[in-house]
Amino acid sequence: MTELPKTLALARGSETVFRLLVDTVQDYAIFMLDPTGLILTWNRGAERLKGYTVKDVVGSHFSRFYTPEDMKRGHPTFELKQAASTGKYEEEGWRIRKDGTRFWANVVITAIRDESGVLLGFGKVTRDLSERKIAEDKLRDAYASLELRVQERTAELSKARDEAERAVKMRDEFLSIASHELKTPLTSLQLQTEIRRMNLEAGRTEAFAPAQMAKLIASDERQVTRLIQLVEDMLDVSRLAMGKLSLSKELFDLNALTHEVVERFAPQLHSKGIHVDIHEAPTAQGRWDRFRIDQVLTNLVSNAIKYGGEKSIRIDLSATDVEARVVVRDEGIGIAQADQARIFDQFERTNELKGIGGLGLGLYIARQIVDEHGGRLRVESQLGKGSSFIVDLPKLAGNA
Amino acid sequence: MSKRILLVEDDQDIRANLAELLTMSGFEVMTASDGFHALRLLESEVALPNLILLDLMMPVMDGFEFRRRQLRVSRLANIPVVVMTADANIEAKKEQIPAQAYLRKPVPVRVLINTIAQFIA
């Protein structure tokens with residue numbers, strides 16, 4: 001019987017030790033609740049974590065540590081019910097300190113019962129996981145942003161690859177077309193040379209009669225003109241690519257230049273039976289680069305002849321105080337809406353033109369020239385209903 | 001009887017010059033300015049050509065499409081075809097168009113005549 005008091009004393013002693021132990025724990029809030037959730041004890045860790053002193057909280061309801069959202073959904077009561085029915089409830093969630101700041105807590109609530117099973121209250125241990133939570137969130141954010149960067153980079157690379165592939169395809173197509181365009185007049189010249197050699201070797205002098213020669217010379221001239229034009233176009237494109245298109249402006253009249261350009265096409269117009277109607281402006285004087293504007297008009301008239309379906313062509317000139325306008329209108333195949341922006345790009349031709357001669361540089365060069373003058377070159381067209389190419393040139397273009 | 005050649009070529013000058021050269025070399029020459037007109041000519045012609053000299057890049061119907069359609073008509077399928085093109089990439093396009101021979105423009109006349117002689121029946 002002497003053993004019992006001794007054990008009791010020890011137990012009492014250990015209870016004191018235990019109390020001291022709990023009380024001095026700094027990193028955990030450890031406190032007791034009565035069965036309804038009123039706070040019974042408060043350790044130093046609780047004070048440090050939550051900012052409340054013993055006086056502040058003992059006797060008050062533990063729900064004060066919860067966020068308004070959690071209060072609203074009755075979460076504190078739910079936690080106690082869970083702990084009471086299963087013996088223990090654990091979760092991580094936001095809690096609120098005395099100063100109103102939030103921290104991310106790990107909470108363990110343990111139901112405490114006497115030997116007969118009557119609920120005496122709850123033991124509650126809370127740990128501040130804010131730092132871990134912040135680190136985790138940062139890691140997750142970093143991972144997400146990394147993922148996003150990888151996705152963006154992948155998209156950029158795939159776009160760059162598509163563009164590179166398109167450029168290679170365009171280059172190959174250009175080589176095919178350039179080769180075709182350059183070799184066609186060369187082939188003609190080469191065949192003519194062979195024919196003349198064969199005729200000469202066979203002593204067929206009738207093949208060299210003046211009438212025959214005139215025809216041959218005309219044909220040779222056609223091929224040479226084509227070759228020169230092609231080489232000029234290619235040179236212009238490389239000049240434009242290097243930004244070396246310089247303008248030398250002079251005062252001249254667009255009415256006169258338009259007549260001059262159309263006059264140059266007279267043989268072609270005559271043989272195809274195409275009529276060109278020029279409607280002059282009362283005056284269309286301005287300072288522009290005569291040679292370059294000639295090139296633009298030549299290109300537009302040549303296109304109108306090539307794609308105009310051998311119908312008549314109309315050229316309207318007009319001018320205001322500040323601007324002159326030339327509209328070249330054909331009644332030919334027209335240009336689909338989808339193609340209208342593309343035709344001003346390098347080496348671009350509409351689908352309808354596959355197989356018709358041309359490098360696809362003319363309109364590109366023309367637009368660059370008009371841009372360089374501070375003007376605008378655009379198209380209005382409908383498939384099958386002809387096209388109008390509209391050139392607007394400011395009269396005092398740069399005044400250079 | 002002289003051998004007949006169908007020349008399919010869109011460039012008017014080349015067509016005229018080649019026709020003249022082939023005639024001078026002893027061939028009988030028929031001409032068409034594109035694949036479509038060539039097919040129409042072949043359909044109406046009783047005496048088929050012994051060989052077709054075919055350009056590739058042509059408006060209306062190009063050489064590729066002409067060859068596909070020619071091969072589908074049994075009466076025409078066996079006529080040998082010599083492709084003659086100014087395209088620098090012909091090597092890459094060979095598999096798109098089966099033919100007896102491929103010549104690159106400009107082609108020396110001697111080479112052209114020798115090639116034709118090789119495949120003409």
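Chain A has eleven helices and eleven strands, taken as DSSP runs numbered from the N terminus (helices: H or I, at least four residues; strands: E, at least two). The model is predicted, so local features need pLDDT of at least 70, side-chain atom pairs count only at pLDDT 80 or more, and totals for chains, interfaces and linings use all residues. Residues are numbered from 1 along each chain as its sequence is written.

Buried means under 20% relative accessible area, exposed over 50%, and partly exposed in between (1.4 Å probe, protein chains only). Contact means heavy atoms within 4.5 Å.

| Chain A property | Value |
|---|---|
| Buried share of the 400 residues | 39% |
| Contacts joining residues at least 24 apart, among those at least 6 apart in sequence | 58% |

W94(A) lies in strand β2 (residues 88-96) of chain A. W94(A) counts as partly exposed because its relative accessibility is 34%. Beyond neighbours within four places in sequence, the contacts of W94(A) include T67(A), D70(A), R102(A) and K133(A). Its C-alpha atom is 9.1 Å from that of S130(A), 36 residues away along the chain.

In chain B, helix α2 (residues 35-44) has G35(B), A38(B), L39(B) and L42(B) as its buried residues. They lie on the same side of α2(B) because they cover an arc of only 100 degrees around the axis, taken from the directions from the helix axis to the C-beta atoms. These buried residues pack against β1 (4-8), β2 (28-32), β3 (51-54), α3 (63-72) and α4 (74-77) of chain B.

Note on methods
Chains lettered and ligands numbered in written order. Heavy atoms only, no water.
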